[in-house]
Structure formats: C-alpha cells, structure tokens
Amino acid sequence: MEALKAGVKRSLSHLETEMVNCFKRRDEHLKKEMARMKTTSTPVSLHPLSHSLSDAGHYPFTVSSLAAPKPPINLEFPTFGQPRETCDVLEFIEKCENFLSLRPLTDVELLATINAVLTGAARSWWAAEKLKIHNWDEFKQSFMSAFLSTDYLVELEDKLKAMIQGPNQSIRDFAYDYRALCLRWKDDLPEEEVVRRILNSCNPSLASSLRGAVHAVEQLVKVGSLVERDLNSKRDYWARVNQLKGTNEGKKSASSRRDQLPKPSGTSVQHVSLIQTTTPPLLKVVIDVRDFHVEAVVDTGSTYSLMQKQLWEAVKKPEERLLQGSSRSFMVADGKAHVSEGRIPMEYDWHGMVWTIDTYIMSNEHLAFPLILGLDFLRQTRVLLNVAAMSYELMVKGQVRVYPFLQQPQWEQPWIRKGEQVTSLFTAVPVDNRGELESLASAASTKDIIARNPPEIQPLLNKWATICSGSLGRTNQATHRIITTDDIPIRSKAYRVSPLKKKVMDREIDRMMREGIIEPSQSP
C-alpha cells in the first residue's frame with residue numbers, strides 16, 4: 001500500500017512539472033508572435049493569465065486557452081504637406097475618410113495622428129489651430145476653409161474644360177478620371193451630363209461613333225473600348241500596308257536589271273494602288289469677328305484656334321497688342337513646327353451669341369486658312385458636328401438648331417467688312433426724270449464705281465455709262481410674263497434660314513422698299 005501511494009505521488013509530481021513546462025513554451029511562442037506583428041493605431045488588448053506560470057506552486061488550477069488575434073490590415077494614415085492645386089486638398093480629405101471607414105479612431109487618437117502626418121505649411125497651420133479642433137468634422141471644415149480658395153469650384157470647372165484625352169490614354173482611363181473630377185466639382189451632376197462632357201473632350205473619331213448611342217459612363221467605357229480597339233486595328237492594318245508598299249518599292253532597285261530586259265509583245269503591266277484616298281470636304285462656317293464676316297474652317301485636329309496675321313491686322317483695334325510671352329509651337333500642314341507670334345482673347349459672334357476664345361496668331365505662310373476654329377472653340381460653344389450630313393447642331397436661346405456647313409465660298413475674298421456690298425451690276429433706264437438720269441450717268445462715270453466691278457465688264461460700263469449705275473431702276477422698254485400651270489396663287493411658308501442670312505435678307509428688303517422696287521402686300 002505504501003509503495004502504491006509513493007508511485008501515485010511521483011506520477012502527479014511528474015504530470016505537474018510537464019504541464020508547467022508546456023505553459024512556459026506556449027508563453028514563449030505567444031511573445032514571439034506578438035513581436036512579429038506590426039503595431040497599429042488601435043491596440044489589441046490581451047488578457048494576462050491569472051497566475052505566473054514561472055512561480056507556480058504545487059496546487060491545482062484551471063487555464064483557459066488564449067487564441068491569437070488575426071493580423072490587422074496594413075494601412076497608413078495619409079500625409080499632407082504643401083498643396084500644389086485644389087485637387088490635392090480634396091484628395092487628402094477623401095483618403096482620410098477612407099482610412100477612418102476601415103480603421104476608426106477616437107478623437108484623441110485622431111488629433112494625435114493628424115499632428116504627426118501634417119508637414120510644411122499645413123503643420124504650421126495646425127500648430128495654431130489644434131486647440132480649437134476637437135473632432136473630425138471640425139478639422140475637415142477648418143482644413144478646407146484654410147487650404148481651399150473661395151472659387152475652387154471655378155478652378156475645378158476650368159480644369160474640366162482643359163482636360164482632354166491624351167494620345168496614349170485609353171477611353172476607359174480617361175472616362176473614369178473625368179467622371180471622378182466631375183463628381184468633385186458637383187456630386188449631383190446627372191449621368192447624361194457627365195457622358196456628354198466626356199464625349200466633348202475625348203478623341204473626336206471615337207466621340208463621333210459613340211454620340212447618341214451611349215447614355216451612361218459604364219456603357220460608354222464598354223462600347224468605347226470596343227470602338228477604340230477597332231480604330232487601333234484599322235491604324236495598324238494601314239501601317240502594315242504602307243510598310244508592305246515601301247518594301248515593294250525598295251525591291252525595285254534590286255530588280256532594275258530584270259526590268260530593263262525587253263518584254264514579250266502583247267503583255268501589259270498594270271499598276272494597282274493599294275490605298276485610295278479622297279480629300280474630305282472642309283467644314284466651313286461664317287462667323288463674325290468684330291467688324292468682319294469671316295469664312296472659318298472647323299478643325300477637330302487642332303487643339304487651339306489659330307488666325308492668320310493679315311486677318312489679325314484687319315480686325316485689331318488701334319493700339320491693341322498681342323499678349324507678351326504667350327507664344328506656342330504648332331505642328332502645321334507642312335509637317336514642321338512653327339512658333340506663333342502671340343495670343344489674344346478674341347470675341348466671336350456666331351448665330352447671335354458671343355464667345356471669347358484665346359486665339360493664336362500665325363504667320364500668313366504657315367497657315368492655309370485665315371481662321372481655324374479648334375477644339376477649344378468646340379468645347380466652349382458645345383457644338384455637335386455631323387460630318388456625314390455636313391451639318392452641325394448648336395443650342396440657340398434654349399433650342400437645338402441644325403445649320404449646314406458652307407458648300408462653296410460666299411465671297412471672292414475670305415472675309416468682308418460688315419455692311420460692305422458685294423460687287424454687282426444693275427441696269428436701268430429711268431423714263432421720267434431727265435435730271436436723275438444725268439446724275440446717275442455722272443455717278444456711273446466715276447472711277448471708284450467702275451473699279452468696284454470685274455475687269456471684264458469695265459469696258460462695257462465705260463461705253464454705256466449713261467444708263468448704268470450702282471442702283472436698281474425701272475424700265476418699260478421690255479416686258480415679260482411668267483407662265484404658271486394655273487391661275488391659283490402659289491402659297492407656302494417661308495423657308496428657315498440662318499440668323500446671318502436673315503440679317504442680309506432684312507437689309508435688302510428694307511433697301512428695296514426705300515427705292516420703291518417692292519411694296520407691302522397682304523396676299524394670302
């Protein structure tokens with residue numbers, strides 16, 4: 001019996017020693033794991049054991065198992081130093097709110113963290129303001145008031161107007177970046193308005209295929225990526241064709257000896273062109289530039305609006321000078337880069353609305369047209385081009401109106417002064433007033449009247465100076481009759497014309513009324 005008790009006592013002593021050693025090994029393992037973990041702003045509290053295992057005596061106790069916590073997400077609180085533009089301030093606030101949504105902090109922890117992440121001018125501001133701020137909302141309001149200008153919304157809008165798709169930027173990246181900036185500007189901006197703005201600023205070739213077919217940004221990205229891939233494939237295809245064509249031309253020199261051999265009679269050589277190109281029509285419009293009507297070319301390939309120096313010299317005001325230090329290099333039609341002579345904010349009157357566009361003045365020999373309206377003009381006027389129908393849509397007084405592009409020049413010169421009469425010849429033989437006839441003959445014989453007419457008819461004017469003048473008249477020396485199908489008067493509504501043509505028509509009608517050529521009518 002004594003031997004049995006001694007054996008049991010030895011077994012219990014051995015068991016107790018093994019349990020203590022086991023708990024020691026577990027404590028050492030937990031210490032190593034905790035040392036390996038990175039500390040975070042939110043500490044993880046561990047409940048210590050009730051008794052120190054190293055000082056454990058020979059008495060029974062119960063130890064509950066301690067589960068190691070999961071490693072936290074590795075997040076760093078955003079930093080802020082010297083702001084360079086408005087977006088830096090808004091981006092810092094957005095990053096802070098994203099951090100706090102994943103790792104909430106108490107007010108004390110937040111204020112201590114802010115004190116550590118601000119540098120430069122922001123830290124100097126915080127040193128003076130930290131005693132007045134007690135939570136995140138107060139910090140956000142005070143921070144934005146200090147580092148955002150009062151017109152920061154205008155700055156964001158200007159940045160949106162200047163933002164265009166880069167040559168190597170995909171439509172997906174550009175659309176998402178543009179939408180993010182739009183939402184920073186106005187978070188309640190409708191989806192269709194965002195899509196319209198993206199189409200006005202992206203690649204024109206891409207926009208013409210997507211306009212009217214997409215109504216959401218996700219749809220624009222999905223369809224636009226497919227169209228963009230097709231355009232890139234088309235460009236790569238023609239690049240390979242041109243490369244093949246160049247390779248074939250290079251082989252001509254190697255086979256010149258064979259080409260010089262006499263060819264058998266009856267054979268013919270056919271030259272087939274791999275690429276057939278046609279010159280697209282120019283998109284011309286009439287626009288008023290101060291005191292002149294100008295035929296301008298709309299060019300979606302030009303980022304800025306350009307003007308010939310000779311047109312600038314015609315429209316400029318006395319003592320008006322180009323802005324200093326505003327020159328810029330442009331790649332023009334000759335394939336070379338040329339520097340502009342300066343820049344000037346120019347007012348353009350188009351369909352009764354006036355826009356001010358920064359216009360660059362180019363040398364006459366470097367610009368093929370007197371005025372080129374670029375993408376900056378299209379963005380500001382918000383005009384929609386329909387190249388297939390040779391027309392454009394413009395919002396005029398709250399209504400969308402469609403106007404055609406010019407199919408042929410309206411004048412011999414590319415611009416004329418407002419109110420200037422285009423050269424015309426009218427013949428008349430007044431029969432009532434002999435004095436009026438003599439005055440008209442005297443006026444027609446003057447050099448300035450004759451010189452305004454084409455050289456081909458000037459001899460005729462000199463020969464018949466007594467019956468020719470610059471004004472319309474009446475005659476009964478010849479009569480004519482217009483034969484219609486029946487005696488029913490023709491009745492139809494007036495055709496719609498552009499505001500520019502309407503002004504010309506009203507001016508001519510008033511003149512003919514004054515000269516007695518026409519009279520008011522109340523016909524049905």
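**Figure 1. Lysine 140 and its salt-bridge partner in the predicted model.** Lysine 140 is partly exposed, with a relative accessible area of 26%. The model shown here and in the following views is a predicted one. The side chain of lysine 140 meets that of glutamate 97 in a salt bridge, with an N to O distance of 2.8 Å. Because lysine 140 belongs to helix 5 (residues 136–147) and glutamate 97 to helix 2 (residues 86–102), the pair ties together parts that are 43 residues apart in sequence. Glutamate 97 counts as partly exposed, at 33% relative accessibility. A search of the whole structure finds 15 salt bridges, and the contact between lysine 140 and glutamate 97 is a salt bridge of this kind.

Figure 2. Helix 17 spans residues 499–514 and holds both lysine 502 and aspartate 506, which are 4 residues apart, about one turn of the helix. Their side chains form a salt bridge of 3.0 Å, N to O. Lysine 502 is partly exposed at 42% relative accessibility, and aspartate 506 is likewise partly exposed at 32%. Arginine 511 and glutamate 508 also both lie in helix 17, with a spacing of 3 residues, about one turn of the helix. In the salt bridge between arginine 511 and glutamate 508, the closest N and O atoms are 2.8 Å apart. Arginine 511 has 18% relative accessibility and so falls under the 20% limit for a buried residue. Glutamate 508, at 22%, counts as partly exposed.

Figure 3. Strand 9 (residues 384–386) pairs with strand 10 (residues 391–396) in the antiparallel sense over 3 bridges. Within this pairing, leucine 385 stands opposite tyrosine 392 of strand 10. The two strands form a hairpin with 4 residues between them, and methionine 390 in the turn has a positive phi of about 50 degrees. Strand 10 also pairs with strand 11 (residues 399–404), again in the antiparallel sense, over 6 bridges. Here glutamate 393 has valine 402 in strand 11 as its bridge partner. The hairpin of strand 10 and strand 11 has 2 residues between the strands, and lysine 397 in its turn shows a positive phi of about 55 degrees.

**Figure 4. Positive phi at two loop residues.** Most residues other than glycine have a negative phi. Histidine 351, although not a glycine, has a positive phi of about 55 degrees. Histidine 351 is found in the loop between strand 6 (342–350) and strand 7 (353–362). With 13% relative accessibility, histidine 351 counts as buried. Arginine 382 is not a glycine either, yet has a positive phi of about 60 degrees. The loop that contains arginine 382 lies between helix 13 (375–381) and strand 9. Arginine 382 counts as partly exposed, at 44% relative accessibility.

**Figure 5. Cysteine 96 and cysteine 202.** Cysteine 96 has 1% relative accessibility and is therefore buried. Cysteine 202 is also buried, at 6% relative accessibility. A disulfide is a covalent bond between the sulfur atoms of two cysteines. With a cut-off of 2.5 Å between cysteine sulfur atoms, the count for the model comes to 0 disulfides.

Note on methods
Residues are numbered from 1 along each chain as its sequence is written. This is a predicted model: local features need pLDDT of at least 70, side-chain atom pairs count only at pLDDT 80 or more; totals for chains, interfaces and linings use all residues. Side-chain values use heavy atoms; hydrogens and water are left out. Buried means under 20% relative accessible area, exposed over 50%, partly exposed in between (1.4 Å probe, protein chains only). Two strands pair if DSSP finds at least two bridges between them. A salt bridge is a side-chain nitrogen of Lys or Arg within 4 Å of a carboxyl oxygen of Asp or Glu.
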